[in-house]
Amino acid sequence: MLTRKQYELLMFIDQRLRATGISPSFDEMKEALDLRSKSGIHRLITALEERGFIRRLAHRARALEVVRLPENTGDQSPPAPQRFSPTVIKGNFAQNALAGAAPVAAGVAAVTLPLYGKIAAGTPIEALRDHSNSVEVPAAMLGSGEHYALTVEGDSMIDAGIFDGDTVIIRRCETADAGSIVVALVDDFEVTLKRLRRKGGSIALEPANTKYETRIFPPDRVKVQGRLVGLVRMY
């Protein structure tokens, strides 16, 4: 699912290409979406490109191609998303992995975790709280504390063994050691799954795919929402 701004930008680009055959300028996109800076447009375009909705054409200025449209293009806009804002707690961490997962066997203690929609492993998108879905995992995967699950969307963490469609198990926390893979909340709005690094007084969110760049933020723009402790993959 696209965020509202991603959807609006994609539809604006598509409508302009159909009408004129020319991509809109960054200033036109900024004005159309009522954003205050071009950096927001750059971020939205990167997100759409990484998720396979648009493609930048090489060696051509302002050259964008719409590759595909979301399923709900018949609507005027996508449903209004709910903000994902889990309560955070401190605690110790343990790393586990469950690959090739099948339903938990009878007699094995299982824990049912809420499955909170999709999280981008390419660029930040809003993670949606969905109370209707859940996933069962062996209790042995989890340490103390509160946990939840997210579905990965994107390929920026593939070199860490995290692929599009995987379900990641997250322990709620507000701090994590450098090098940990975390759920990071950027600017109190967007959520991403990245490796946490610290560079001087700044926070770096590092992908595990050389196609993508590490993004660096002042510490007050990034909040840790949880740390990766497990992975569920269905074959």
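I take contact to mean heavy atoms within 4.5 Å.

Housekeeping before I go on. The model is predicted, so I noted that local features need pLDDT of at least 70 and side-chain atom pairs count only at pLDDT 80 or more, while totals for chains, interfaces and linings use all residues. Residues are numbered from 1 along each chain as its sequence is written, and side-chain values use heavy atoms, with hydrogens and water left out.

**Entry: overall layout**

I counted helices and strands as DSSP runs, numbered from the N terminus (helices: H or I, at least four residues; strands: E, at least two). The protein chain holds three helices and eleven strands. Reading along the sequence, I get α-α-α-β-β-β-β-β-β-β-β-β-β-β.

For burial I used relative accessible area: buried is under 20%, exposed is over 50%, and partly exposed is in between (1.4 Å probe, protein chains only). Of the 235 residues in the protein chain, 44% are buried.

**Entry: helix α1**

I started with α1, which runs over residues 4–20. It has 17 residues and reaches 24 Å from its first C-alpha to its last, close to the 24 Å expected at 1.5 Å a residue. The expected span is 1.5 Å times one less than the number of residues.

Which residues of α1 are buried? I found Q6, Y7, L9, L10, M11, F12, I13, D14 and L17. These buried residues pack against α2 (26–32), α3, β1 (54–56) and β2 (64–66). A reminder to myself: an α-helix has 3.6 residues a turn, so residues three or four places apart point the same way. Just after α1, I noted that G21 takes a positive phi of about 80°.

**Entry: helix α3**

Next came α3, residues 38–50. This helix has 13 residues and spans 18 Å from first C-alpha to last, close to the 18 Å expected at 1.5 Å a residue. Its buried residues are G40, I41, L44, I45, A47, L48 and E50. Their cover includes α1, α2, β1 and β2. Just after α3, G52 takes a positive phi of about 85°.

**Entry: how α1 meets α3**

I fitted axes as lines to C-alpha atoms, for helices over the stretch in contact, with angles running from 0 to 180 degrees between N-to-C directions. The axes of α1 and α3 come within 10 Å and cross at roughly 85°. The two helices are therefore roughly perpendicular to each other. For that wording, 65 to 115 degrees counts as roughly perpendicular, under 35 as roughly parallel, over 145 as roughly antiparallel and the rest as oblique.

From α1, the residues K5, Q6, L9 and L10 meet I41, L44, I45, A47 and L48 in α3. I sorted the residues of this contact into seven nonpolar, one polar and one charged. My classes were these: Ala, Val, Leu, Ile, Met, Phe, Trp, Tyr, Cys and Pro are nonpolar, Asp, Glu, Lys and Arg are charged, and the others, Gly among them, are polar.

**Entry: two polar contacts**

A polar contact here is a pair of N or O atoms within 3.5 Å; within protein, one must be able to donate a hydrogen and the other to accept it, and residues adjacent in sequence count only if both atoms are side-chain atoms.

E153 sits in strand β5 (residues 147–153). It is buried, at a relative accessible area of 16%. Which side chain does the side chain of E153 contact? I found R51, at 2.4 Å.

S156 lies in the loop between β5 and β6 (167–171), and S156 is buried at 0%. Its side chain makes a polar contact with the side chain of K194 (3.2 Å).

**Entry: pairs across the chain**

I looked up L193 in strand β8 (residues 190–199); L193 is buried, at 0% relative accessibility.

V67 is in the loop between β2 and β3 (110–120). Leaving out residues up to four places away in sequence, V67 touches G52, F53, I54 and R55. The C-alpha atoms of V67 and F53 are separated by 5.2 Å.

My last stop was E136 in strand β4 (residues 134–138), where E136 counts as partly exposed at 47%. Its C-alpha lies 5.5 Å from that of V111, 25 residues away along the chain.
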